[in-house]
Amino acid sequence: MKFKETDQLPIPSPPLSLTRWWSEETVAIVTGANKGIGFALVKRMAELGLKVILTARDTERGCKAVEALRAQGLHNITFFCLDVSDPYSIKTFSSWFTENFAALDILVNNAAVSFNEINENSVEHAKTVIKTNFNGPKLLTEALLPMFRTSSISRILNLSSRLGSLNKVGNPSIKEVLESEKLSEDDIEAVVSLFLEQVKTGTWKTGGWPELWTDYAVSKLALNAYTRVLAKRYEGSLSVNSFCPGFTQTSMTRCKGDHTADDAAIVGARLALLPPDKIQSGKFFLWGSSSSTSTSNNNVVVSSKL
Ligand SMILES: NC(=O)c1ccc[n+]([C@@H]2O[C@H](COP(=O)([O-])OP(=O)(O)OC[C@H]3O[C@@H](n4cnc5c(N)ncnc54)[C@H](OP(=O)(O)O)[C@@H]3O)[C@@H](O)[C@H]2O)c1
């Protein structure tokens, strides 16, 4: 099924129980899951009966999160420490995963940082933001690619943001590169390097980059572009999508937002668990906006413009 930019994907129906294709042997990994949307996604997928690996960069915070979920009767959750900004941590995690699990079905690249208050736009931490929000998920994905189950369509869901949409880019040549059908990983890396170079030289403000939370937006712009490249490369065997959960009440937004992390996770889990005959790839799912701020509006906009 093909969606145009304005198409709506109905989220709540049919009930997940009717489209259940997974079993208790289906394995999902969620990064940055000690709190916020990641935590809520682990909870949701564990409630639905999947085997979930909750990862967090801090062992104490991660173990506390698992304990909290076990106290709610969810015992199908395993913890492993994973700092996505640290290539050694990614290597250690993927080795542990390979030794302990036969295959991977779902990877949710959720972990991310932003150092700005809502109305700020400092790029002081741009390197860390890019490393955590773009380089980390890319490296982790590459490390885990050989582990994806081949007997069914495996899934990657990249938590992204509409702040990183292509229509936020003011520089036509950057837009042209990212929109190209021939887009490659090298092209994406070149765009990210150009941004970091302009941050270094103090020229980024006139570079035509997204104007809100610029470093974060560039990291998500790059993640979206990577989503598209990967989706194309693994067409038919791996579904790779981006998902913007909308303005959600978490630490990242200082608890401001239109809905809770649990609300966002209901939608995110549904997207990650789309039945095989409805599966999408290379799409940007957008949920929540000023006009659809509650779970009573259960449509997700599907944009092909990643
Ligand atoms: N909230 C929103 O309005 C909103 C909107 C659009 C998109 N998103 C996206 O949704 C995702 C979840 O965000 P959130 O709102 O739930 O934010 P959050 O509450 O701040 O949670 C972020 C999570 O990422 C973890 N993390 C940060 N750096 C990490 C690293 N290097 N390695 C591993 N984990 C790391 C954090 O761990 P610590 O506790 O150790 O810091 C935390 O668990 C992000 O990708 C975000 O960009 C959020």
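Me: Helices here are DSSP runs (H or I) of at least four residues, and strands are DSSP runs (E) of at least two, both numbered from the N terminus. Where does Ser122 lie, then?

Reply: You'll find Ser122 in the loop between S5 and helix H4 (126-144). One thing to keep in mind is that this is a predicted model, in which local features need pLDDT of at least 70 and side-chain atom pairs count only at pLDDT 80 or more, while totals for chains, interfaces and linings use all residues. Residues are numbered from 1 along each chain as its sequence is written.

Me: Thanks! Is Ser122 buried or exposed?

Reply: Ser122 counts as exposed, because it has 12 C-beta neighbours inside 10 Å. A residue is buried with 20 or more other C-beta atoms within 10 Å of its own, exposed with 12 or fewer, and partly exposed in between, the C-beta atoms being placed from the backbone.

Me: And which residues is Ser122 in contact with, leaving aside its neighbours within four places in sequence?

Reply: Those are Phe115 and Asn116. Contact means that the C-beta atoms of two residues, placed from the backbone, lie within 7 Å.

Me: Let's zoom out. How many helices and strands does the chain have?

Reply: The chain has eight helices and 11 strands. Its C-alpha atoms fill a box of roughly 50 × 40 × 35 Å along the principal axes.

Me: How does the radius of gyration sit with a compact globule?

Reply: They agree, because a compact globule of 306 residues would come out near 19 Å and the chain has 18 Å. The radius is taken over C-alpha atoms, and the globule rule is 2.2 Å times the number of residues to the power 0.38. Of the 306 residues, 45% count as buried.

Me: What about contacts between residues at least 6 apart in sequence?

Reply: Of those, 73% join residues at least 24 apart.

Me: Now the ligand. How many residues surround it?

Reply: There are 32, and the closest are Gly32, Gly36, Ala111, Ala112 and Thr250.

Me: Which helix packs with H6 (residues 185-201), and at what angle?

Reply: H6 packs with helix H7 (residues 214-233) at about 175°, and the axes are 10 Å apart. Axes are lines fitted to C-alpha atoms, for helices over the stretch in contact, and angles run from 0 to 180 degrees between N-to-C directions. H6 and H7 are therefore roughly antiparallel to each other. That label is for angles over 145 degrees, while under 35 is roughly parallel, 65 to 115 roughly perpendicular and the rest oblique.

Me: Which residues make the contact?

Reply: H6 brings Glu185, Ile188, Val191, Val192 and Phe195, and H7 brings Val218, Ala222, Ala225, Tyr226 and Val229. By class, nine are nonpolar, none polar and one charged.

Me: What's in the loop between H6 and H7?

Reply: Trp213 has its place there. Although Trp213 is not a glycine, it has a positive phi of about 40°. Trp213 is also buried, because 24 other C-beta atoms lie within 10 Å.

Me: How about Arg254, what is its phi?

Reply: Arg254 has a positive phi of about 50°, and it is not a glycine either. Arg254 is in the loop between strand S8 (248-249) and strand S9 (259-260), and it counts as exposed because it has 10 C-beta neighbours inside 10 Å.

Me: Last one: where is Leu107 found?

Reply: In strand S5 (residues 106-109). Leu107 is buried, because 27 other C-beta atoms lie within 10 Å. Apart from neighbours within four places in sequence, Leu107 is in contact with Ile29, Thr141, Leu144 and Ile156.

Key. Near = placed C-beta within 6 Å. Nonpolar A, V, L, I, M, F, W, Y, C, P; charged D, E, K, R; others polar.
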